[in-house]
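Have a look at it first, and then we'll go region by region.

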Amino acid sequence: MQSLNIAHNGLVELDVLSVKHWTNKTFSFSLERPNSLRFRSGEFVMIGLIVKNKPLLRAYSIASASWESKLDFYSIKVENGPLTSKLQNVSVGQKVVLRPKPVGTLVLDALLPAKRLILFSTGTGIAPFASIIRDPETYEKFDKVILTHTCRKTDELGYGKALIQEINSDELLSEFIGTKLLSISTTTRDSSNLTGRLTDWLKDGRFSDFTGSKLDPSKDRVMICGSIEMLKDHKAICEESGMIEGSNSKPGHFVIEKAFVD
Ligand code: A2P
């Protein structure tokens, strides 16, 4: 069933199982999962294409849960981007290469125990959290999980909304999650139900009003994934509240990872 050819040193070639174009700027795709690939929810792997006989790889967060039999990814399309301008054209049955060495800091192990887990994302930065919110361990460790997703336009929220719907319609998962998951989707350049950057929400009290309390290092843990500027601003807010950045070797109050691919 698995066609794991060794394409280049240490890389495996995997079949594309499905592709979905969400907007003219984003698409998602699924790959077959190597039997031997183990990863922790929130980790990323290097994936890409063989171009002119050389691997062209970028870091992609795995968006599927660690218990799933396929690997999901969510990607931006960058015009003239070396990889995404080509990768966006893949179709079912074609091959994508992967280095089977998952790594990353957006993992539960890098956070100290607490009550609430808050996941701040913009754009395709939601990908690692798609994995984390479908992991039963997340709900064993936290009483409340708050996923925020901010995009410029309403149509860019589609991937996250479909994800929440999928969770709600999954009997096993929704029974496990109960009322623990709260999702907040906002737009910044379109009118929609909720608008504005979450950094502004945190500063002006909207975050506290919506979720029941402001950021508190004694009960909250935070994961952040988005652009470099977004990470910088969210990190500053975490640090102002007294939170300390965590890592795999030294768990803390918050962790960050850049969501970027070209
Ligand atoms: P905005 O429209 O106000 O710039 P981008 O496509 O530039 O990465 O932006 C994706 C989303 O992230 C947009 O809604 C954008 O809001 C928001 N954003 C961009 N920079 C920051 C930041 N420094 N802090 C919080 N949100 C940000």
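Where is the place of Asn 80? Asn 80 sits in the loop between β5 (70-76) and α1 (84-87). Keep in mind that this is a predicted model. Asn 80 isn't a glycine, yet its phi is positive, at about 65 degrees. Most residues other than glycine have a negative phi. As for cover, Asn 80 counts as exposed because its relative accessibility is 69%, and exposed means over 50%.

Lys 52 is another one to click on: its phi is near 50 degrees, a positive value in a residue other than glycine. You'll find Lys 52 in the loop between β3 (44-51) and β4 (54-61). With a relative accessible area of 80%, Lys 52 is exposed.

## A positive patch

Now turn to the surface charges. Arg 152, Lys 153, Arg 189, Arg 197 and Lys 203 come together on the surface as a patch of positive charge.

Take Arg 197, one of the patch residues. Arg 197 belongs to the loop between β9 (181-187) and α6 (198-204). Is Arg 197 buried or partly exposed? Arg 197 has a relative accessible area of 49%, so it counts as partly exposed; exposed would need over 50%.

## Strands β10 and β11

Next, a pair of strands. β10 (residues 220-226) and β11 run parallel, and five bridges join them.

How many of the five residues of β11 are buried? The count is four, so strand β11 (residues 254-258) is mostly covered, buried here being under 20% relative accessible area.

Glu 229 is in helix α8 (residues 228-240). Glu 229 is partly exposed, as its relative accessible area is 47%. Along the chain, Glu 229 and Lys 258 are 29 residues apart, while their C-alpha atoms are separated by 9.6 Å.

Lys 161 is placed in helix α4 (residues 158-169). Its relative accessibility is 43%, so Lys 161 counts as partly exposed. Lys 161 and Ser 183 have 8.9 Å between them in space, C-alpha to C-alpha, and are 22 residues apart in sequence.

Definitions and conventions. Residues are numbered from 1 along each chain as its sequence is written. This is a predicted model: local features need pLDDT of at least 70, side-chain atom pairs count only at pLDDT 80 or more; totals for chains, interfaces and linings use all residues. Side-chain values use heavy atoms; hydrogens and water are left out. Patches are made of residues with over 30% relative accessible area and no salt bridge: like charges are joined within 9 Å, nonpolar side chains (Val, Leu, Ile, Met, Phe, Trp, Tyr) within 5 Å. Accessible areas come from the Shrake-Rupley method with a 1.4 Å probe; for residues, only the protein chains shown count as cover. A salt bridge is a side-chain nitrogen of Lys or Arg within 4 Å of a carboxyl oxygen of Asp or Glu. Lys and Arg count as positive and Asp and Glu as negative; His and the chain ends are not counted. The place of a charge is taken as NZ of Lys, CZ of Arg, CG of Asp or CD of Glu. Helices (H or I, at least four residues) and strands (E, at least two) are DSSP runs, numbered from the N terminus. Buried means under 20% relative accessible area, exposed over 50%, partly exposed in between (1.4 Å probe, protein chains only). Two strands pair if DSSP finds at least two bridges between them.
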